[in-house]
Amino acid sequence: MCAWETGNQALRKSRLISNEELAKIPGYLEEREAKLLFYQFLRNNTTFATDLITGVKLFPFQHMAIKGMLESDYFLGVWSRGMSKSYTTGIYAVLDAILNQGVETGILSRSFRQSKMIFKKIEDIAAKPEAYLLKQCITKVSKSNDEWIMEIGKSRIRALPLGDGEKLRGFRFHRIIIDEFLLMPERIYNEVIVPFLSVVQNPTQREELYNLETQLIAKGEMNEDDRYIWPNNKLIALSSASFKFEYLYKLYEQYENLIFNPKNKEKTKRCIMQFSYDCAPLQLYDQNLINQAKATMSESQFLREFGAQFSDDSSGYFKISKMALCTVPDGEQPSVEVVGNPEDEYIFSVDPSWSETESSDDFAIQVLKINKEKQICTLVHSYALSGSSLKDHIKYFLYLLQNFNVVGICMDYNGGVQFMNSCNESELFKDAKINLKPMVTEFERSEEYAQNLYSAKSEYNKTDYKYVFLRKPTSTWIRQANELLQANFDHRRTYFASRAIDDNFRSQTKKHIGITDLKFSNALDTEKENEEAKMIDFVEHLSDMIMLTKTECALIQITTSAQGMQNFDLPPNLKRKSGPDKPRKDSYSALVLGNWLCKIYFDMYNTHVEDITETFEPMFIA
């Protein structure tokens, strides 16, 4: 089902001659006049212009979207996943650059990798034989570690990383394209992006024309309504749907109100295009993909990702709204960290996986920065990788140990013992003179908790690396640890770090950690990147991993067996999924381990010898 609503926005006079008027022009045309009329014909006929210049034949919904981007000032596209957002927007970017010479277009996204994706789509289109005209229009392409530029005559298209907000302030764009707007920090949008739109093209020419029109109006040769209307700068925001408590939905409601409010007299033109997967042509989607998504996603997640519908909250044990309140706002500290502050203390948690196939579980490591005075912790670094060798995991774990002031490690006993021993036996750990040792004290019985704290504090020895807790996942502990994590979200004792931006982004990307030897993602093609470019990807990747942790937590559901045992796991339909893209919960599991150890460490810190009293009293038996 499709619907089109025009709203109550003031109609803007078209500066173009319509197709009907063009058809009525008789006789021979001089070359200059023919070129001008042909330009207007291309502007009127988006599908024809796209086919002529790029060789791409648009679907009707793509024609509508590109036309909407060209004609509106603020375009908000809430589209289903896989509905060619990047491809369609890439076509718009080149058409706009060709037909409006001199425009500066900036492509921004949650990560530089995502920004480069639209840029690459343009390059892919231009590389095809049928796009020979587009290839001739592209006069120069340059790519540096943190900026890609494509020049099309006098127009330029730039792809930039979002994290360096200060660098963004140095540009003045006439068109801003934001991919994955859902993940755009609200502060950067309001303080950096919106000011871009206030700078107009050719201000001198506008002033001269305005003065001339004023003189003509004063002489009675022109009406006020006949003034030339200059095009405004544009914002193109694209995203899948979000939760209603997130900023994207607030902006969506704001646009909707301005479009339909009859009292709105502003001349800015806005457009919302909300495309569900069932609005797309049958040729665009593989039905197996849709069926797979239905089988692997919760209903609310499927409606957001593919139905383009906003939802109220997650339905799992851990509410996404609670986790959003526990997320440090962008621009505030602590943010994600590549190297820890030597004066701060950190807890590591590890949920190992030994399979080297990409369809296996993730090998997950979480790094939590702790604040003993306030007794809170913040997830500042997250690692989750499937299908890699044990050597890769050991190398990454050693990097963490050497760059963070770790005061405690918690590992899942099922696999943790083997991983710890493998680390100690490796040449990497031997060369670094690190030999991890397990804690003997076990926190199994709640009635012995105080005595266990005293025992653990007595044997704990940071300088000798005796701070590894091997946690056996008993049913009682699993219930208590999950309840503790939920309570910490409710009372804001466990936080998620903010995205690194501005000065912090630049400082993190300048760290020297031997990044060329680290593997941190299967999705990124980082083998050919130099150190600086890989560090940019790494810092942005950490934010994605923290987002992944929240997503995994939101999927967890609690079930109770007939025997009264509680189970915290993925929904049954998600558990049945297999393959490289299957839903996982390993980052969540590692977070549960780390959150539990933070509680133990805080209590150990506050434990003193005199607090423990013996309760045994000897007695004589006759």
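Select Y346, F348, W354, F363, F397, F404, F419 and F429: together they form one aromatic cluster. Keep in mind that this is a predicted model. By the ring-centre rule, the structure holds 40 aromatic pairs.

**The sheet behind Y346**

Stay on Y346 and show the strands. Y346 stands opposite V406 in β12. Y346 also stands opposite K369 in β10. Its strand, β9 (residues 345-351), runs parallel to β12 (residues 406-412), and 5 bridges join the two.

Now colour the whole sheet. It is open, has 7 strands and mixed pairing, and its order reads β13-β14-β12-β9-β10-β11-β15. Go to the two edges, β13 (437-438) and β15 (494-496). Each has a single partner strand, so one side of each lacks a neighbour in the sheet.

Return to β10, residues 363-371. This strand is mostly covered, with 8 of its 9 residues buried. Follow it into β11 (residues 376-385), an antiparallel pairing of 9 bridges. Pick I370 and look across: its bridge partner in β11 is C377. Then click through the hairpin of β10 and β11. There are 4 residues between the strands, and Q375 takes a positive phi near 55 degrees.

**The largest core**

Which residues touch the most other members of the largest nonpolar core? Select F348, Y396, F397, L401, I409, L436 and F538, out of 132 residues in that core. Helix α23 (residues 586-605) supplies the largest share, 11 residues.

Zoom in on L436. Setting aside residues up to four places away in sequence, L436 touches F397, L401, I409, M420, N424, F429, Y465, Y467 and V468. F397 and F429 are also in the aromatic cluster from the opening stop.

Next, show α23 end to end. Its 20 residues should span 28 Å at 1.5 Å a residue, and the end C-alpha atoms lie 29 Å apart, which agrees. Turn on a surface. Because 18 of the 20 residues are buried, α23 is largely enclosed by the rest of the structure.

Move to a separate core of 31 residues; Y74, L168, I176 and F310 are among them.

Then select helix α11, residues 247-260. Its 14 residues reach 20 Å from first C-alpha to last, close to the 20 Å expected at 1.5 Å a residue. Highlight its buried residues: Y247, L248, Y249, L251, Y252, Y255, L258 and I259. What do they pack against? Show β1 (74-79), α9 (186-196), β7 (234-239) and β8 (270-275), the elements they meet.

Select F112 and W148. Their ring centres are 6.4 Å apart and the planes stand at 75 degrees, so this pair is edge-to-face. It links distant parts of the chain: F112 lies in helix α6 (residues 112-126) and W148 in strand β4 (residues 147-152), 36 residues apart. W148 counts as buried at 10%.

The charged end of K143 sits over the W148 ring, 4.3 Å from its centre. For another case, jump to F496. There the charged end of K550 sits over the ring, 5.5 Å from its centre. F496 also falls in β15 (494-496), one of the edge strands of the sheet.

Note on methods. Residues are numbered from 1 along each chain as its sequence is written. This is a predicted model: local features need pLDDT of at least 70, side-chain atom pairs count only at pLDDT 80 or more; totals for chains, interfaces and linings use all residues. Side-chain values use heavy atoms; hydrogens and water are left out. A nonpolar core is a set of buried Ala, Val, Leu, Ile, Met, Phe, Trp, Tyr and Cys residues joined through side-chain atoms within 4.5 Å. Buried means under 20% relative accessible area, exposed over 50%, partly exposed in between (1.4 Å probe, protein chains only). Contact means heavy atoms within 4.5 Å. The expected span of a helix is 1.5 Å times one less than its number of residues. Rings of Phe, Tyr and Trp (its six-membered ring) pair if their centres lie within 6.5 Å; planes under 30 degrees apart count as stacked, over 60 as edge-to-face and the rest as tilted. A charge sits over a ring if NZ of Lys or CZ of Arg is within 6 Å of the ring centre and within 35 degrees of the ring normal. Two strands pair if DSSP finds at least two bridges between them.
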